[in-house]
Every structure is written in structure tokens, then in C-alpha cells.
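Colleague: I am new to reading protein models. Could you walk me through this one, one feature at a time?

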Amino acid sequence: MINDILKPVFAVGGIYCSFLTWALLQEPLNTKVWPNSGCTFQLPCIVALTQACVAMVCGLLYVRQKRPVYTLSSFWKDHYKDMMMISLSQAVAAPLASYSLSYVDFLTYMLAKSCKLLPVLMVHLVIYRTPIPRTKKLVAIIVTLGITIFTLDGKKTGAKKDEESKSVLGFVLLGMSLFLDGLTNAKQDKLFQNAKQKISGAHLMFALNLFLIMWNALYMLLWDRNQLSKGVQMLHADPQIGRYLLAYACCGAVGQCFIFYTLEKYGSLVLVMVTVTRKMVSMLLSIVVYGHSVSVQQWVGILIVFVGVVCEATAKKGKGKQKNVTASKPKAS
């Protein structure tokens, strides 16, 4: 009886602790002007490379602890091409999101990232040309309206044209990142659907992060060596960046393990509800800890976005219950 209570508390508590800390570290890591370097740590490939290295090691330990029937070598042989393409879209999405922070504020960034439905809808509309249910269209409209209200109130009436154009550029970069996020999720769903053997989160955690290391390392070695040299210089000038970076990577990797554990033990419906509430708390915590000034109209925008995200989660929960009821009905003989 006690174990039945402690296990879900352990799973949910692990997600909250790791990702709330991860979110609090993400903001200064991307937006703080470091004293000795005199600039922000806008080096997304180094951040992604560090996080992927830690996550890959955690993924390997996770696989060995689980000891799945479908071995890692067999999975690699069967799906390395899929992993290569999924990791590529993920590797491109992260830098775009990071660069968008140079033009949009962090709260706007978090609001846009809080609803996974928007990028999924973009992918299905643009690539797969699939019809979108009314419920999802309504949620997309609600979330877009909330983000628009929040953003418009954040702009001052006397804003210059060049500042407005920078803001537009930031939203373009953020939109491209969201689209690639949706493409990554769609490819992962397709991989799970077409797999002949059961694929676990541990398989994905190891293989995807291994390819992310490869993509980011190749990019910096072949096209952007300045990012590598600048990163080394900043880490030497401001050693505190290294501590932030390592803590950020560890929190992300541990959080992934807790997500996969929750998914396997309690299913996607529980995970969706935990993720939704975690994102809400992350934003509120950021406002309190870093002292963001939020107007009444912006609070209204945040509330509208959260209503849309909760509606999305509730719709998924309703579908899950409906499937369970259908599955439990006896078949006619």
C-alpha cells in the first residue's frame, strides 16, 4: 500500500524537481550577460553538445538497468537511419529556439513552447495534409490568442521600426523551431507505430543523444569553429558558466529518465497532466525568482494559454478513457 503511494510520488516529484531546476537554469544560461565576458552565452551547439553527452551516458545506464529483450545493438542496426533523421531535426530546432531569445523575451518563449499542439498541427497541415479535428483547431486558436495578447502588451507604443523587425525575426525563428519540434514528434510517433519490436524510452534516449553529439560536433568543426573557440574563452573567463551548463545538462538528463519511467509505469495520460502543470509552475517560478514585470493584460494572455493547454490535456484524457471503455467491452460471438 505504501509502495503504491510512494512510487507515483517519486515519479512526479522527480519530474518536478529536475525540470523546474532545469527551467530556472535555462534562463540565466541563455539571457544573462556574464561579467568578465561581457556578453550572453549564445552558443547553442555547445549547450546541446553538453546536454547530449550527459543524457547519452544516462541513457546507456538506463538501458543496462532495464535489460530489454530488444538489445541496443539490434535496435541500432534496425533504426539507425530513423534516429539520424529524427536527431537532425532536433539538432536544428534547439539553436533556432536559442537564437530567438535574442529578439523575444523569455516569458514569450516559454508560452510558445508550453503547447506541443501548435507544432504538431503545423506539421500535419504543411506536410501530411491531414484534416484537423475541431477541438484541436479551437485549442490552437485559444493558445495563439493568448500568446498574441501577451506579446502585444509587452510592446511599447513608441517602439522603433528596427525593434519591431527584430521582434518579427524572433517569432520567425521560434516558429521554425516549433515546426521542427512537431516534425521530430511526428517522426517519433511513426517510428513507434511501425516498429516490429517494442522500443523503449531508454533506446531513444541513448541513440538520439549519440546522434545529437555527432551533428553538433560536425557543425562546429566544419562550419562554425568560432562558436567552439568563443565557448572555450567564455568558460575560461567566467567559470560559473561551466557550473550552470553542467547542472543544466544533468537536470535535463535526469528529467528524461523520470519521464520515461512515468510513461512506462503510469501511461501517457498521467504524463501529459504532470507535464502541463509543470510548465505552468515553471513560468510562475520564473516570474517570482527573476522578478519579471507582468501587466494585467499579460496575465490574461498567460491564463488564456494555460486554459488552451489544459483543454488539450483534458481532450487527450477523454480519448484515453474512451479507448479503455471500448477495449473492455466484450466482443460479440
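Modeller: Gladly! Contact here means heavy atoms within 4.5 Å.

Colleague: What should I know about the model and its numbering?

Modeller: This is a predicted model, in which local features need pLDDT of at least 70 and side-chain atom pairs count only at pLDDT 80 or more, while totals for chains, interfaces and linings use all residues. Residues are numbered from 1 along each chain as its sequence is written, and side-chain values use heavy atoms, with hydrogens and water left out.

Colleague: Is Asn216 buried or exposed?

Modeller: Buried means under 20% relative accessible area, exposed over 50%, and partly exposed in between, using a 1.4 Å probe and protein chains only. Asn216 has a relative accessible area of 3%, so this residue is buried. In the protein, 43% of the 333 residues count as buried.

Colleague: In which helix is Asn216 found?

Modeller: Helices (H or I, at least four residues) and strands (E, at least two) are DSSP runs, numbered from the N terminus. Asn216 is found in helix H8. The protein has 11 helices and two strands.

Colleague: How do I describe two packed helices?

Modeller: Two packed helices are described by the angle between their axes and the distance between the axes. Axes are lines fitted to C-alpha atoms, for helices over the stretch in contact, and angles run from 0 to 180 degrees between N-to-C directions. Helix H2 (residues 44-66) and helix H8 (residues 201-222) pack at about 155 degrees, with axes 7 Å apart. That makes H2 roughly antiparallel to H8; angles under 35 degrees count as roughly parallel, over 145 as roughly antiparallel, 65 to 115 as roughly perpendicular and the rest as oblique.

Colleague: Which residue classes make up the contact of H2 with H8?

Modeller: There are 21 nonpolar, four polar and one charged residues in the contact of H2 with H8. Ala, Val, Leu, Ile, Met, Phe, Trp, Tyr, Cys and Pro count as nonpolar, Asp, Glu, Lys and Arg as charged, and the others, Gly among them, as polar.

Colleague: How do H2 and H3 pack?

Modeller: H2 and helix H3 (residues 72-100) pack at an angle of about 150 degrees, with their axes 11 Å apart. H2 and H3 are therefore roughly antiparallel to each other. Pro44, Leu60 and Val63 in H2 meet Leu72, Pro95, Ser98 and Tyr99 in H3. By class, this contact of H2 with H3 has six nonpolar, one polar and no charged residues.
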